[in-house]
Every structure is written in C-alpha cells, then in structure tokens.
Amino acid sequence: MKLEKCLTEENLNQNLLNIQYAVRGPILQRALQIERELVKGVPKRFKRVVRANCGDCHALGQKPITFIRQVLALVSFPELISSRLDIPQDVKDRAKELLDDCTKGSVGSYSPSNGLNLVRSRVAQYITNRDGVPSNPDDIYLGSGASDVIKSVLTLFVEDVGGKPPAVMVPIPQYPLFSGTLSELGVRQVDYYLDEEHDWALQISELERSWRDASIESNVRALVVINPGNPTGQVLTRDNIEQIIKFAYERNLFILADEVYQENIVSKPFHSFKKVMFEMGAPYSRMELASFLTTSKGYAAECGLRSGYVELLHLQPSVQKTFNTMRSVMQCPSVLGQCILDCVMKPPSPGKPSHNQFINEIRDIHQVLKERTATAYKTFNSIPGYFCNPIDGSMFAYPRIEIPVEAQLEAKKLNMSPDEFYCLRLLEETGVCVIPGTGFGQLPGSFHFRTTILHPKDEFQYMMDSIRRFHLNFMQLYP
Amino acid sequence: MSQLKLISRVSRVLSGAVKRSELFEINKVNTNNARTMASKGLTVENMNPNIVKLEYAVRGPLVIRAGEIEKELEKGAQKPFKRVIKANIGDAHAMGQKPITFIRQVMACLALPDLIDKGIFPEDVKQRAREILDACGGGSVGSYTASHGIELVRRRVADYIQRRDGHPAHWEDIFLSSGASTAIKNCLQLFCNDLGGKTSGVMIPIPQYPLYSASLAEYGLAQVGYYLDEEHHWGLDLRELERSLAEASATCNVRALVVINPGNPTGQVLTRDNIESIIKFAKKHGLFLFADEVYQDNVYAAGSKFHSFKKVLVELGDDYKDVELASFMSVSKGYMGECGARGGWAELRGVNAAVRAQLYKCISAMLCPNVLGQAAIDCVARPPQPGEPSYELYIKEKTDVLDSLKKRAEMIVDAFNQMQGFKCNVVQGAMYAFPRFELPPRAVAAAAAAGIPPDTFYAFRLLEETGICIVPGSGFGQRPGTYHFRTTILPQPELLREMLDIFKKFHQKFTAEYSG
C-alpha cells in the first residue's frame, strides 16, 4: 500500500510546473481578493478595482453586435423564428440556414469535428474576399477560440529531428499562450526580440541571431508571428512581412500567423501572411502556413463563446489526415460559437434590414479604438519616465517604464521582478490591475506593463489619471 | 537552401560522400534544416509520433465512408437503400430527440437579454437568465469567466451532487469544462512523468470509449487494459484487475484506474458491491480513480441503480478519505443530449492542493469553458422545481425521453438476442448496445485477406449494403477472437425497428454467403 499521494507536485507532469500564464496569474488573483475585501467594506484608497488585465471588451461595457445575438437567440430556441417578435428577416434567414446545416436542425447535435460545412465555407469566402486569393473550406478547422487550434498545431511539432529536440520561435514580448503551451508540450521556446526602437518591428538580423543560437542544440521548426501584435500593438509593414517570409523559407520554418486582432486596427493596412506569400509567388507561395482568427477579438469580442479557426495551408496530406483524427477525438467546437463565427464571416449585407444598425455599431467600436489608442499613446508619453510606441491596433498599450534602482532593490528583496513589484504597488494603491511585462517578456533590464485600453471614456480617464498619480508618487518614494 | 549549400551538397552526392537517395527523397528530414524544393517542414516522419498513432473509431474511416455515401445519395446515386442510418455516435439530437425547452429558453435569453422582458418566457426562465447574466462580466455571456467556470454554476453543481449523493460537495472541488472530454484530458495529462525511468500507465476497461486510448496515445502514457466480464453483465472482476495491474507493472508505473459507469460501449450499471470492491482495489494499489459518469441519468434496467463513486467512497468511511478521485459529467448525454453545447464538469476529491494549482494553470491558458455551455450545466444542475412555471413541461420532456430510451434499450436487446449468432447483454444504461456476433471462418479469412479486422470487414459490408453505420468492436477493444459492434439505441422507435429488421436480413444473407 502506497502512502504517498498518487499525484504530488514532484510526481506529476513536470512540464506543467513551467507554465506561466500571467494574464490570469498572481496579480489578477490579488485583484480579485481586493475586490472581495472592498465588498466586505475594508477601507482602501480607492472605491473599485479597474481590471485592465485582459482583452475582454464586453467585461468593460462594450455591447455585443445586435445581429449576432439575434441569430444566436434564434438558433438556441428556434420557436422564436416564427414567433410574433419583431426580428428582422435577414436574422431569421441566417438562423434557418445555420439550423439547416445542423443535424436534425438542432445546435445540440455534434457538428463535423472541423466545424459546420456552411460556416467553413463562409470562412473560406471571407478569407478569399480579404486576400484576393482562393481559400479551401477543407483547409479550415474551427476551434474553441484560436487558443484551442493554436495548441493543436503546436502539438504537431513535438518530435526530435536529427537527434535534436524541437523548438519554436516566439516574439518577445509575446502573448503567453505561446510560452505556456510550449512549456506544457515540452517544446523549447526560442525568443526573438521585437525592436522597441523601431515600432516593434521584426528585424531579420535578430531573427537570424535567435535562430542560429538555438540551432546549436535544437531543431527550430516553427516561427510564431503575432500581427497585429499582442501586447505590442504594432501592425507589420508589408516589407517586414516579406522579409519574415523569406527568412522562414530559408530556414525551413513553419509560420504560425496569429492574426486575431486584424479587425482591431486604427488605420494601417493589414496584410495577411497568406496574401503576401501568394503574391510573392513561388517558392514562397507553396510554404506551409497556419493562420488564426477568433471571434473573441475584432468587433464581435465574444470571448465567452469560444470560437475561432485556423487555416492550414500546404500541409503534407498525411499530416493533415492525422490532424483531422486528433481534432475528431474532442468531437467538435461549441456549435453556438460556430454560429457566431458565421455572422462575423458574413455580416449583414448592404440592402438587408440589419445592415445599417450593424454598420453603426462597428463604426462606434472603431471610433472608441481610435480615441483610446490616441489617448493612451499621448498620455503615457507625457508621464516622465514613460515611453510608449504608437499603437496601430489590438486592444492594449505596452508602455516602457523607468523603475528607480531603489525600487528594483526593494523588489529583489521581495523576490519579485521590478515590474511585478511596480504593478502590485499600483494595484494596492489605486486599484488598477495591469500585467507586468515579465508576463510577456521584454529586453532584460527594461520594464513594461500591458494594459487594456477599451474602457468607457470616464473609466479610461480615471485609470490614466490613477496611473500618472501613482507613478509620480512612486518616483518620489524611490528617488 | 542557399546556392552554396546546394552546390556543396550536390557535389558530395556526386562524389559518393552522400547517398544519392538522400538528396532527392522528397519527404526526407532536413537535418541541416535547409529547404529543398519539394520538402515539407512537417512530415509524417518528423511530426509528433503520438498523434500519428492515435485513432478514434467513433469518427473513423467507417463514419467518413458513411458521409461519402450520404453525399452520393444526395447526388442521386442508386443504392440498395435510401438513407444512411447513423448509429455510430451518441448524439441524441442528431437522431431526432428534442431539446429540453427550459434549457433552450434560458440560452435564448442569455444570447439576447432584450428577450427577458418581452413577456414571452416563463418567470423562472427569466429569473435564471438574470442570475447568470449578473454573474457575467459586463452582464454579457461574451465576457470571459473565471477559468474554473462561473462560481454560481459551480455552487449549483455542488448542490446537485449533494442532493444526488446525500453527502457534502464543495464548489471549490468542481471545475467546469467544454465537455467532459476536455476535463478528462487535462486530468490524464497530469500523469505524464516517467518516474524511476518507467512510463506511467493508466488502467482502462476493454471495451472502452476511445477518448481514453486516443488521449493516452497522445500523451505517451501506457494503456493498461482490463477486460470487462461479458459473462457477468460486463462487471469489473477483481481477479482481472489484479492480473492486468501485475502484468503491466513489469514495464510501467500503473498510476490510475478509469471506470466508465454507466458503461460505454457496454451499457452496464455497476452494482454497489462492484463499486466498493473497485475502490478498495484502487486504495490497495495507490491508484487515482477516474469515474466517467456522463451517463448517470441513463439508467433503464429494473434493479439497476446509479451509485456515484464519490458517494460510495464517502460511505466506505475514514479509512478511505485519502483516495484520490476525479468524477466527470456532461450535458451531452442524459436526457438533455446537448452535445453541441460542450458543457461538462469534474469533481475532484482528495487531490493535493499543489497539484490542483498546476491543473489550474493548464486550464487557464485556454481561458474558460464556453459560457452558454456553462449555462446548460446550470440548468442541469438546478432544473425547474415543482411549483415553478417550467416544471410541468420539464418533467414531462425528461420523463418522455428517458422512458423512450428505456423502451428502445429493451427493444434492441430483444431483437439481437433473437438473431441467429448474436448475443447481447442487457442494456442497463447509457446509450448503446454492444452485441457479440459470430462470423463464419470464411468471412474471417476474407477480412484477413483484405487486411482489416473481421468486425470492421463486417461493418463495411453492412454500411455499403444497408446504409447502417455502426462502430466495430475493434474500435473499443474486445477479447481476442470475439467480435462485437457498438450501435446506439438512439434512432427514433420506428426507425430503430426498421433498422433492426434490415440488420436481421443482412446478417442472414452475410452468413449464408460465407458459409459452407
């Protein structure tokens, strides 16, 4: 009879110990605790916590898109379609189309594991319209958000090649789904630094350096690019994208293009990796590529409904077949989530009843993005000791902050990195919850934090004022 | 590949220093990581071998073929049948079962909160929708929730478990998931550690639901199969458990034991005695217990009763308080059949806090389970109560579904047992029948010649000649030399009768063809 537990920290899957997911990590836990304390009436210097840790727009008060939610309601409870409710005809038509594609007209039936046929064909059409390059529905796999399919794709690389363990290049700073998942899979993470001095560009010399260093002991198999960037908010230039593609070609790297913020762009043009590859012609146009999108971002911002897709290009057919089988074990992504994706891929067309309201709603959302990115950029750069690159897109700002040496020493005593210390102090004194740069990565010796910026105007102003006030105090405390 | 490298490589080939085949083989692994004209970064040789190995028969080649046949029929192809009958997957709605009205009304209100005050839904539906929306960020199901799920829902699940078992359940021991499959995989993944240089192994029943074999393959964990006892209602025989464990222990560390109750594909509902002996076995050998109880609402046979592993464990007393248990449930089965909603939960018991913290990290990287799935869980955990406006309809719908499933479970077993060469255990619960059938030696030989297992050979013939799609026993595992298949009991009664009739005729014809 064994006395030790079956599962202890020592005997469980050690890969898990290395996973860090700061977006939901210790600072958030402390913020939740503080919220509970406030409810209990514990006196603090502030009345509420401002959650700026997560790219969740609805949580900040953004309204869902009416068309999407009307369709969702009708497919959930089809009796509504023929009810006396005042629902626009195009909503009813869409609901009927979707239900027709569900087995026996119920969203409670499993869909094919790669997603409803109708939705995949709409995704393919969206991609074709966006890029001017044909897209095949059979290359499209729907998922529970992009995170789900990103993990599935990364799982494919878990195999030594030429006696060397696999490695994947990720940008620093990056969205920690990538680092977390690579840890979980036991795949080495190869960091390449984005160039903060040049609008967070990907410098080829840095890609080369990182690849070369890693290739001594690892087989570098894939390259993750996040465009628009998270947390960094840049939109890559077309030139930069071409350079990256050429680099990946030379080094036989599979590109994972995380493009989930492609609809959260202020004004710069978005070039999908797929489009650029195709337009570059052979041999680049035949490269393997995985491109990701989710309904958690864009204007829909339906984070809670977990829906996204990957377009997989030019995979060896037998590899694609095994990917199919792997996905089939999990049955299928939420069918209601797939319905939402359908609405995002094919919004109400001009002339249809829902069109005007839809256009107004997305215009308002875009206006907020435009205003907040401008304000965040301006405000952060006006705080002494702060530097913030222009924010082209996404939902975040990632300012660099100077932390006095005294404060850095204090942090060290508490066994924290200086930016973690800074963010914790910010939280304790103002209630503003942001994520320290350590969670995303940064050049050693530099400090940043990521904050969401899509709060309602007053709340956003309050947050920026709190940060400024806190920082000025902080600088006085640690001269 | 750079010009220089290519030239140097070619010259090495020509000089014989490098085999010619190396340069020109299209799918060759590039050990110097430089690209050749037709090479792929990902090939079957250099990709994750665990993924290459895994199989999932429930959606495997037969099902793919069935899908093709459906398309052919749509295009007007002539076949001996007019439609495919998909009896391969436990998808109740796909076979015509209606959703529970209360659940769908709540979901509609959550999707479009404007509906709540339109005066078209009963008060309890509106109340439920408001409660859930209150617990969502920004009052929207489009916000992320806590990674373990909405606290309100977790508490309701705890209440449900408490009512079911008569013992306390704590909401912090419960985490919600997108389907039970996700939670099961996350828990299995915890065992990936080659302690003392030996692979970790997990005991799974034979026959089993192939989520387990596929997940163990994916994670590189050893599958330790224990045969269920077909002669005794597919029960778990202690001697067989001991045998399986002892044999496997030579090559792996057996760390966990999976039990599916009610059984899939086998349909047994374990007796309380059997459950007690399994728990004692697990404790004796220090095994972590996985109780897959997704069919807990699907119990049909007279004398059969669902006892949760949690309840029996608690009732075994203090000596057993440290046994580690994970119990799983889903909204895909039962009377709800909401497969597409992807809602499920796990209750953990006796699991070390540090381990739970690690599990939390895995879960949190996927953010949270989908919120409408969580809403469905809420409705299942706390259905309409007597006196509430939706109760009458709810209880009628639930009872109708379960009564109908019960009748179909009986019908199907009777039908198979009347067929020559078939033997089918009573379907005590779940949604499937797993009859054993005999194959003439010539059919077995024909299968061998075709390079596929005999029951798969049979299943393909069945599909091509009748349009009936079932899953051969080899997809679930069975004693060598025996043949089974799994069919669901889900086709509506009239279709089921028709299906059984067609089956009988096919089997007679097939047997005649390969006899003599």
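Contact in these exercises means heavy atoms within 4.5 Å. The structure is a predicted model, in which local features need pLDDT of at least 70 and side-chain atom pairs count only at pLDDT 80 or more, while totals for chains, interfaces and linings use all residues. Residues are numbered from 1 along each chain as its sequence is written, chains are lettered from A and ligands numbered from 1 in the order in which they are written, and side-chain values use heavy atoms, with hydrogens and water left out.

**Exercise 1. Describe the interface of chain B and chain A.**

Step 1: Turn to the area. The size of an interface is often given as the accessible area lost when the parts come together. Buried area is taken here as the accessible area (1.4 Å probe) that two parts lose on being put together, summed over both. Between chain B and chain A this comes to about 8,300 Å², with 56% given by carbon and sulfur atoms.

Step 2: Look at the pairs. A polar contact is a pair of N or O atoms within 3.5 Å; within protein, one must be able to donate a hydrogen and the other to accept it, and residues adjacent in sequence count only if both atoms are side-chain atoms. Between chain B and chain A, 48 residue pairs are in polar contact, both residues being at pLDDT 80 or more.

Step 3: Find the elements involved, where helices (H or I, at least four residues) and strands (E, at least two) are DSSP runs numbered from the N terminus.

**Exercise 2. Is helix 8 of chain B mostly covered or mostly uncovered?**

Step 1: Apply them to helix 8 (residues 179-189) of chain B, which is mostly covered, since 10 of its 11 residues are buried. The buried residues include B:Gly179, B:Ile184, B:Lys185 and B:Leu188.

**Exercise 3. Follow the salt bridges within the chains.**

Step 1: State the rule, by which a salt bridge is a side-chain nitrogen of Lys or Arg within 4 Å of a carboxyl oxygen of Asp or Glu. The rule finds 58 salt bridges over all chains, but 0 across the interface of chain B and chain A.

Step 2: Take A:Arg30, which forms a salt bridge with A:Glu37 at 3.2 Å between the closest N and O atoms, and another with A:Glu428, where the closest N and O atoms are 2.6 Å apart. Because A:Glu428 lies in helix 14 (residues 418-430) of chain A and A:Arg30 in helix 1 (residues 26-39) of chain A, the pair ties together parts that are 398 residues apart in sequence. A:Glu428 is partly exposed, at 25% relative accessibility.

Step 3: Move to chain B, where B:Arg461 and B:Glu513 form a salt bridge with the closest N and O atoms 2.8 Å apart. B:Arg461 belongs to helix 17 (residues 454-466) of chain B and B:Glu513 to helix 18 (residues 493-513) of chain B, so this pair ties together parts 52 residues apart in sequence. B:Arg461 is buried, at 18% relative accessible area, whereas B:Glu513 is partly exposed, at 37% relative accessibility.

**Exercise 4. Trace the open sheet of chain A that has the strand order 10-14-13**.

Step 1: Read the pairing, for which DSSP must find at least two bridges between two strands. This open sheet has 3 strands with antiparallel pairing.

Step 2: Find the edges. Strand 10 (396-397) and strand 13 (435-436) of chain A each have a single partner strand, so one side of each is left without a neighbour in the sheet.

Step 3: Check one pair: 2 bridges join strand 10 to strand 14 (residues 449-452) of chain A, and A:Ala397 stands opposite A:Thr451.

**Exercise 5. What surrounds B:Thr266?**

Step 1: List its partners. The B:Thr266 side chain makes a polar contact with that of B:Gln268 (2.7 Å), and, leaving aside residues up to four places away in sequence, B:Thr266 touches B:Pro207, B:Leu228, B:Trp234 and B:Phe434.

Terms used: Buried means under 20% relative accessible area, exposed over 50%, partly exposed in between (1.4 Å probe, protein chains only).
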